[in-house]
Amino acid sequence: MQRVWVTIGFLFAVALLSAAVWSYGYRQALSQLSEKAEADLELASDRLSTQLQVYQELAVLMAEHPALRALDTSDRRRAAQALLLEVADKTSAVDVLYADKTGRVLAAARDVVNGNMADQPAFQRALHGALGSSHGVLRDTGNRIYSYAAPAFSEDGQVTGALMVIADVEDVESTWRGSTEAVFFVDRAGSVFISNRSELLFWQRPPGQIGLQPADGKPGAFSSTRMGPHELWSIGWSSYLPDRALHLTRDLPVIGMTGEVLMDVTPARRLAGLQAAAVAAICLAFGALLFLATERRRTLAEANAVLESRVAQRTRALTAANVALRREVAERQEAEAALKRAQDDLVQAGKLSALGKMSAGISHELNQPLMAIRQYADNGTAFLAQGKPEKARENLGRISDMAARMARIIKNLRAFARNESEPMGKVDLVQVLNTAVELTDGRLRSDGVTLIWQPPNAPVFAWGGEVRLVQVFVNLITNAADAMTGRETRSLTITLTRGERLMVAVRDTGPGIQDPDRVFEPFYTTKTVGSSEGMGLGLSISYGLVQSFGGEIRGANMPDGAEFTVELEPFEKEAAA
């Protein structure tokens with residue numbers, strides 16, 4: 001029972017809160033609608049006043065026109081009539097008339113007043129020397145008109161007549177008829193004279209009342225209420241008028257009328273209803289959640305104990321799995337480190353194998369300068385004994401050149417043999433090729449291989465490691481020399497081409513590649529199996545080194561031999577990336 005009373009009290013509180021939100025939202029929406037309605041009414045009023053002011057100014061300007069003076073002859077009256085007709089056509093006026101002070105029309109564009117306008121209120125005010133205005137309905141056509149009459153003065157200041165401009169109200173209101181809001185203008189007699197809703201024309205406001213009644217006198221459904229500063233009308237006059245509307249008024253003393261507007265409040269009520277419904281839905285949802293939470297608290301408490309035991313079991317299982325995973329990760333890391341060491345050892349072994357193959361040539365390269373140094377030293381001693389110091393100095397210079405050559409060869413050998421650990425960077429590809437050629441020069445000359453290599457005059461910088469690139473090209477040159485063993489023509493051509501990528505081609509005149517698709521596979525070789533002939537790892541190592549620099553290496557058969565091409569990234573391109 002207590003739960004039922006709590007539920008009823010909660011629903012009552014939600015209803016009160018929703019009603020308060022609806023009232024507040026409705027008032028806020030009405031304030032915004034009021035600002036818009038006031039702006040629309042002001043715009044319509046200014047537009048109407050501006051359009052009528054054109055005819056007012058026309059009456060003032062034309063009243064003193066010279067062509068309207070002394071209309072005592074038929075020719076003058078015809079000329080004046082033609083002038084007034086032209087003015088009426090150009091300004092869309094219903095009529096433009098000039099009458100003497102008795103009201104007799106002397107000249108008119110169309111003469112809609114039948115020759116006399118003495119009974120016109122605007123003309124009567126003009127006879128007193130002031131600008132007159134009035135509105136009404138033409139008896140012949142039933143059209144609504146608005147008239148302005150301006151007095152004409154003689155030289156002594158007496159009123160001699162008046163010029164009247166009659167405007168068609170339908171032409172004036174046609175520019176703003178059909179707008180969203182219902183706007184109408186009520187004259188001092190309480191009659192709706194101008195409106196953008198034709199069904200409201202000539203409705204009357206009885207004295208002391210707020211609403212309007214049709215011209216036939218039958219009252220329509222009407223009630224008026226106030227909400228704060230806002231006046232609200234409930235009407236049932238027409239399907240083109242809102243059932244509930246915000247009513248605003250604006251006094252227009254210039255044209256002698258009151259402007260009024262009816263703004264539909266349905267959007268404001270809908271917005272307020274949506275706000276109240278949203279608040280009610282949120283409160284009900286919160287109440288439902290609170291109710292469900294209260295009801296399920298005991299169930300959750302019971303399930304919590306079971307859940308905690310399961311969590312403890314799962315935690316122990318996850319802990320064990322985590323320990324096993326860490327152990328596996330450590331084993332994988334150790335395996336990767338061992339693989340990396342094996343790869344490095346394999347690369348170093350490849351370099352040492354290449355050095356072994358080049359040992360004979362290198363020994364010749366070192367022995368020849370040593371013998372030359374000994375010969376030049378003996379010659380220098382003999383020249384000194386003979387008193388020929390210039391000849392001795394020449395021999396000493398040659399000894400210095402030979403020693404520098406030997407130092408360069410030994411430096412290249414030491415650099416090639418060491419296990420490089422420097423990071424990749426800017427490498428002079430021309431210097432790399434020159435070093436590889438120098439290291440293999442003895443082997444090539446001993447095998448009778450003709451080397452064709454024209455290094456560029458300027459450095460060509462690539463992205464890579466200097467020692468590892470030297471190893472790649474030493475492998476390619478020695479492999480080419482091995483392939484040309486026993487051939488009649490033994491020629492090796494090295495070319496360097498610059499483009500988007502740097503390309504180095506090593507071309508021989510050997511028998512070609514038996515299986516180009518497998519040439520870079522580890523342990524693939526066409527040589528006789530044995531330590532002296534190699535294990536088929538040179539090209540595989542070279543392939544891995546070039547790939548590590550972001551380049552490519554490929555082999556292909558040519559009509560007269562085989563060609564291996566190495567593509568490398570230019571240093572500038574890599575640095576910009």
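Q: Which residues is L163 in contact with, leaving aside its neighbours within four places in sequence?
A: Contact means heavy atoms within 4.5 Å. With those neighbours left aside, L163 touches A59, M62, A63, L68, L84, V96, L97, Y98, Y148, A149 and A150. This is a predicted model, in which local features need pLDDT of at least 70 and side-chain atom pairs count only at pLDDT 80 or more, while totals for chains, interfaces and linings use all residues. Residues are numbered from 1 along each chain as its sequence is written, and side-chain values use heavy atoms, with hydrogens and water left out.

Q: How many residues does the largest nonpolar core have?
A: A nonpolar core is a set of buried Ala, Val, Leu, Ile, Met, Phe, Trp, Tyr and Cys residues joined through side-chain atoms within 4.5 Å; buried means under 20% relative accessible area, exposed over 50%, and partly exposed in between (1.4 Å probe, protein chains only). Here the largest core has 52 residues, and L84 and L163 have the most contacts inside it. Helix α1 gives the most to this core, with 14 residues. Another core lies apart from it, with 42 residues, including L429 and A562.

Q: Where is N114 found, and is N114 buried or exposed?
A: Helices (H or I, at least four residues) and strands (E, at least two) are DSSP runs, numbered from the N terminus. N114 is in the loop between β2 (105-108) and α3 (121-126). Because its relative accessibility is 52%, N114 counts as exposed. Its phi is positive, about 60 degrees, although N114 is not a glycine.
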